[in-house]
Amino acid sequence: MADKLRILGIDPGSRLTGFGVLDFKANSPTYVTSGTVQSTDGEFPHRLKIIFESVSQIVTKYQPNVVAIESVFVHRNAGSSLKLGHARSAALCATFNSDVEVFEYSPREIKQAVVGTGAATKKQVQHMVISLLHLEGELSFDAADALATALCHGHQRRLNSQLSYKSATAGMS
């Protein structure tokens, strides 16, 4: 396991894409940065270009080892789901020039990992992210969701590491 792991969490959206960067050292998260890519103006292809270019810049500047992204969930409106899928793809494609691993988590998995229930509200996720990372001040829902995605991966990584260790040592007896 690397000494320090930098995780870029992404909460994709066709108008607002949240991002959050955390460093994990000894399974302890440290806040690096977070924010929201705003792609609210122009036609849809132009908005996708903004997402792609912005995430590319974030990856270049912060050089994550891992990208954790929220998977697409089915909306009641099929058109909204398709647009979300396109925005997610633009964000993912922006990471392909870097040597990063990509992990996907459902909204329910992320909420479960951070709040303790898969049915948590955006406000509950925001509150827990601020609390877990000891942040002060305001945090947008989109940035909080992206940081929650990064936290989810950090917790999942720790759990997988512990399970692998226990499986390896169980075979030694």
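I110 has a relative accessible area of 4%, so this residue counts as buried (under 20% relative accessible area, with over 50% called exposed and anything in between partly exposed, using a 1.4 Å probe and protein chains only). I110 sits in helix 3, where helices (H or I, at least four residues) and strands (E, at least two) are DSSP runs numbered from the N terminus. Leaving out residues up to four places away in sequence, I110 touches E70, Y105, A148, T149 and C152, where contact means heavy atoms within 4.5 Å.

All of this comes from a predicted model, in which local features need pLDDT of at least 70 and side-chain atom pairs count only at pLDDT 80 or more, while totals for chains, interfaces and linings use all residues. Residues are numbered from 1 along each chain as its sequence is written, and side-chain values use heavy atoms, with hydrogens and water left out.

Not counting residues up to four places away in sequence, L133 touches L22, P29, Y31, L147 and L151.

Over in strand 2 (residues 16-25) is T17, which counts as buried because its relative accessibility is 1%. Beyond its neighbours within four places in sequence, T17 is in contact with I10, D11, P12, G35, T36, V37 and I51.
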